[in-house]
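Here are some notes to read alongside the model, written as numbered points. Please keep the structure open while you go through them.

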Amino acid sequence: MKYVLDRLLAPIARLAVAKAVPFGEVAERLKAQFVQVAASQIDGKVTDSRLSVMTGLQRRDIVRLRGEPDHTSPPVNHLARLVADWVAAGGTPLNRKKFDTLAQGIRRDVHPATMLAQLQDAGTVSVTDAGQVVLETRSYQPLPGTGAQLDYLARNGGDFLAAATANVMQDPAPFFERAVHYNGLSQEAVAVLEAEYRAAQMQVLEQINARAAALQADDPGKMRFRAGGYFYKETEE
């Protein structure tokens with residue numbers, strides 16, 4: 001397990017060092033997750049003593065961590081949802097009145113003009129001289145280093161690891177999880193493959209987005225899903 005943990009924790013360590021998050025804070029969050037997972041696996045009464053035995057943590061840590069508020073359900077990113085709904089409806093340019101109506105349907109406590117400005121800052125939309133709001137990209141990408149981008153990382157990375165971990169622990173594997181990997185390629189060859197993958201992946205995601213929006217309207221419920229893809233590259237040692 002040492003190799004597995006090193007591979008999984010290395011990106012977290014890089015992020016923590018880059019964001020000046022001290023080790024103690026990372027260790028504290030890991031302790032909290034140990035307690036939550038152990039509690040979810042106990043049949044019957046959940047006690048501090050049982051959690052201590054399962055996790056190896058001291059009881060005083062468990063008492064403190066169990067008293068913390070739940071931070072596992074951050075609010076939905078309203079800008080991402082706005083763009084997703086817009087793309088699902090065709091993604092055609094909107095006049096300001098139609099854009100405002102779409103924005104208010106997503107979130108009423110944020111002014112449409114504020115949403116528009118944020119989307120413009122991120123390069124997601126532009127506004128023509130005639131006042132038409134035009135989608136420049138088919139998905140909302142938060143500005144680098146912002147809290148919204150870190151929220152994306154937490155959601156996407158967390159769900160991917162949850163799926164991959166479940167596939168290791170359950171038979172048959174419950175989630176789709178596939179990857180293609182090659183080495184010994186030139187930088188130019190990888191650039192070609194990345195461009196092709198990006199185009200194909202965006203096409204699939206737009207199809208799924210449109211289908212999900214239609215099903216949500218026709219057959220609502222309490223389930224959620226996340227489907228995504230990634231393309232990672234680096235120079236080999």
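1. Tyrosine 197 counts as partly exposed, because its relative accessibility is 30% (buried means under 20% relative accessible area, exposed over 50%, and partly exposed in between, with a 1.4 Å probe and protein chains only). The model is predicted, so local features need pLDDT of at least 70 and side-chain atom pairs count only at pLDDT 80 or more, while totals for chains, interfaces and linings use all residues. Residues are numbered from 1 along each chain as its sequence is written, and side-chain values use heavy atoms, with hydrogens and water left out.

2. How many aromatic pairs are there? The count comes to four, where rings of Phe, Tyr and Trp (its six-membered ring) pair if their centres lie within 6.5 Å, and planes under 30 degrees apart count as stacked, over 60 as edge-to-face and the rest as tilted. In one of them, the ring centres of phenylalanine 160 and tyrosine 230 are 5.7 Å apart and the planes stand at 70°, so this pair is edge-to-face. Phenylalanine 160 is in helix H8 (residues 147-169) and tyrosine 230 in the segment after H9, 70 residues apart (helices are DSSP runs of H or I, at least four residues, numbered from the N terminus).

3. Phenylalanine 160 itself counts as partly exposed, at 37% relative accessibility. Tyrosine 197 and phenylalanine 231 form a tilted aromatic pair, with 5.8 Å from centre to centre and 50° between the planes. Since tyrosine 197 lies in helix H9 and phenylalanine 231 in the segment after H9, the pair ties together parts that are 34 residues apart in sequence. Phenylalanine 231 is also partly exposed, at 31% relative accessibility.

Terms used
Helix = DSSP H or I, 4+ residues; strand = E, 2+ residues; numbered from the N terminus.
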